[in-house]
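Hello,

Here is the structure I promised to pass on to you. Have a look at it first, and then read my notes below.

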Amino acid sequence: MADRRLGVGFIGTGFIGQFHIRSFVGVRDADIMGIFDTDRKTAERAAMMVHKLGVGEPVIHDSITDLVADPAVDAVWINTPNFTRLEVMQEIVDAVTSGKGELVGVCCEKPLGRNVSEARRMLELAGEAGLLDGYLEDQLFSPSVQRGKTIIWDRGAALTGRPFLARSAEEHSGPHMPWFWEGELQGGGVLNDMMCHSVEVARFLLTPPDAPRDILTPMKVTAHTSCLKWQEERYVEHLRKMSDGKLDYANRPAEDYARGVIEYRDDEGRELIVEVTTSWCYVGAGLRLSMELLGPEYSMAINSLDAGPKVFFSRNVTGPVGEDLVEKQNAETGLMPIVSDEESEYGYTGENRHMVQSFLAGRRPSENFSDGLNVTELLMTAYMSAEQGTTITFPPPDLDTFIPAVARGEWNPKEQS
Ligand SMILES: NC(=O)c1ccc[n+]([C@@H]2O[C@H](COP(=O)([O-])OP(=O)(O)OC[C@H]3O[C@@H](n4cnc5c(N)ncnc54)[C@H](O)[C@@H]3O)[C@@H](O)[C@H]2O)c1
């Protein structure tokens, strides 16, 4: 494949699919050549965006099988909701193994599965079809994380010793679609939805450049979850209305706050700590990603809201609400930050460039389904810890079959207190 471009097919072109499309402006050697979305209008809008940006000439297909069978499509990106993971992957694999189509690889958005059993099955299915696999964890590829890690390890760690503490947080004011809020459909609440990023980026920062993942061994996980905001009556009502009555946060909430501590050992037996926090109740300018890396004689700090220019609009500037300044924007007046190139700054451009280059070279991406499975194992252990109110030694014995109470619709902190 090294002498040609990669034809990419998108399965799902909602919020994140469109982020990926915009990021392809910064990806060479690939074109978006096919789209399948169960919502035809969404697919059409996405195809128009692809044309307008000049990042491909996609055919809109009627099924995943048709997309895989399209000779212009060499690899597919799974950008559909969490509850569709296995059915989508199964259809891709069936199309390949039955000879209807040929693919070199598949990428899948986070989380790889709603629980360990699903994530493990995703990994197995990729193996059964002989597909290279990319796990789409954008934050690892953010220029701030990549550059910060390189400089910390090249200078601080090389001269004074490795970093021992990584902190990572992702916060915003709540997801855009009802299915994210439903524990069963999404797999959990904010812990599953956003701590997947924080856990992986913190692990990545503590791992020496180019070292394999297993150089760090998770030893213990301690976590706490709560529903701090969205069980209040007016917010219960807000969620009920935005979901046509389906969401019932009075009786069946998901956690909107989660924190965790993961204790690791490195290959020389040193203790390393990861601290992660996530919430759906942060009402600041918009999405805030923060990371810190601390070592014996140095530290690094990243805050995505500090990244770019700031604007100020007086109260006389009254316009429509939007997301033109920053993802999950909460205001249009006052002092506001602009994240000038979100696709690049959050890591999507670097991530997709890496996936495309890996597939063209016939190489497994550095971030792959095995990593996605490891992340899910850590998240499920965190749920266990929060449910039991205790620190859990990793890996706990029943990890493969564990389904968090929130994903069974059986978690309600109001009833427990
Ligand atoms: N990396 C990140 O920071 C990030 C951010 C947001 C979402 N995500 C992940 O991306 C995935 C999608 O999230 P989203 O925000 O785009 O959701 P969304 O609801 O906005 O979009 C999902 C799209 O998939 C389509 N779809 C649903 N079922 C399908 C199927 N079986 N086949 C084909 N298309 C189907 C829907 O019509 C919709 O257009 C989720 O797994 C989510 O966790 C990742």
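This is a predicted model: local features need pLDDT of at least 70, side-chain atom pairs count only at pLDDT 80 or more; totals for chains, interfaces and linings use all residues.

**Strands around β10**

A166 has V274 of β10 as its bridge partner. Residue numbers start from 1 along each chain as its sequence is written.

The strands β7 (residues 165-171) and β10 (residues 271-279) are parallel and share seven bridges; two strands are said to pair if DSSP finds at least two bridges between them. Further along, A169 is opposite T277 in β10. Strand β9 (residues 257-265) runs antiparallel to β10, with nine bridges joining the two, and here A258 faces T278 of β10. The hairpin of β9 and β10 has five residues between its strands, and G269 has a positive phi near 85° there.

E171 has R288 of β11 as its bridge partner. Is β7 enclosed or open to the outside? Because five of its seven residues are buried, β7 is largely enclosed by the rest of the structure. A residue counts as buried if 20 or more other C-beta atoms lie within 10 Å of its own, as exposed if 12 or fewer do, and as partly exposed in between, with C-beta atoms placed from the backbone.

**The open sheet**

There is also an open sheet of six strands, paired in parallel in the order β3-β2-β1-β4-β5-β6. Its edge strands, each pairing on one side only, are β3 (59-60) and β6 (132-136). Two bridges hold the parallel pair of β3 and strand β2 (residues 30-36), and in this pair G34 is opposite V59 of β3.

**Two domains**

The domain assignment divides the chain into domain 1 (6-139 + 349-373) and domain 2 (141-345 + 375-416); such bounds come from an automatic or database assignment. Taken over C-alpha atoms, the centres of domain 1 and domain 2 are 24 Å apart. Domain 1 gives 28 residues to the contact and domain 2 gives 29, where two residues are in contact if their C-beta atoms, placed from the backbone, lie within 7 Å. On the domain 1 side, the elements giving two or more residues are α1 (15-23), α5 (116-128), α12 (348-361) and α13 (369-388). That side of domain 1 has nine nonpolar, eleven polar and eight charged residues. In this count Ala, Val, Leu, Ile, Met, Phe, Trp, Tyr, Cys and Pro are nonpolar, Asp, Glu, Lys and Arg are charged, and the others, Gly among them, are polar.

**The core**

Which residues have the most contacts inside the largest nonpolar core? They are V76, I92, V106, V199 and L379, in a core of 111 residues. A nonpolar core is a set of buried Ala, Val, Leu, Ile, Met, Phe, Trp, Tyr and Cys residues joined through C-beta atoms within 7 Å. Apart from neighbours within four places in sequence, I92 is in contact with I64, V68, V76 and V106. As background, nonpolar side chains in soluble globular proteins tend to be buried together.

**Around the ligand**

The shell around the ligand has 22 residues, of which G12, G14, F15, I16 and E109 come nearest; a residue is near if its C-beta atom, placed from the backbone, lies within 6 Å. Helix α1 gives the largest share of this shell, three residues. By class, the shell has seven nonpolar, ten polar and five charged residues.

**Backbone details**

One joins K110 and P111, with omega about -15°, and P111 is in the loop between β5 (105-109) and α5. The other runs from F394 to P395, with omega near -5°.

D29 is not a glycine, yet its phi is positive, near 65°. D29 lies in the loop between α1 and β2 and is partly exposed, with 14 other C-beta atoms within 10 Å.

Enjoy exploring!

Key:
Helices (H or I, at least four residues) and strands (E, at least two) are DSSP runs, numbered from the N terminus.
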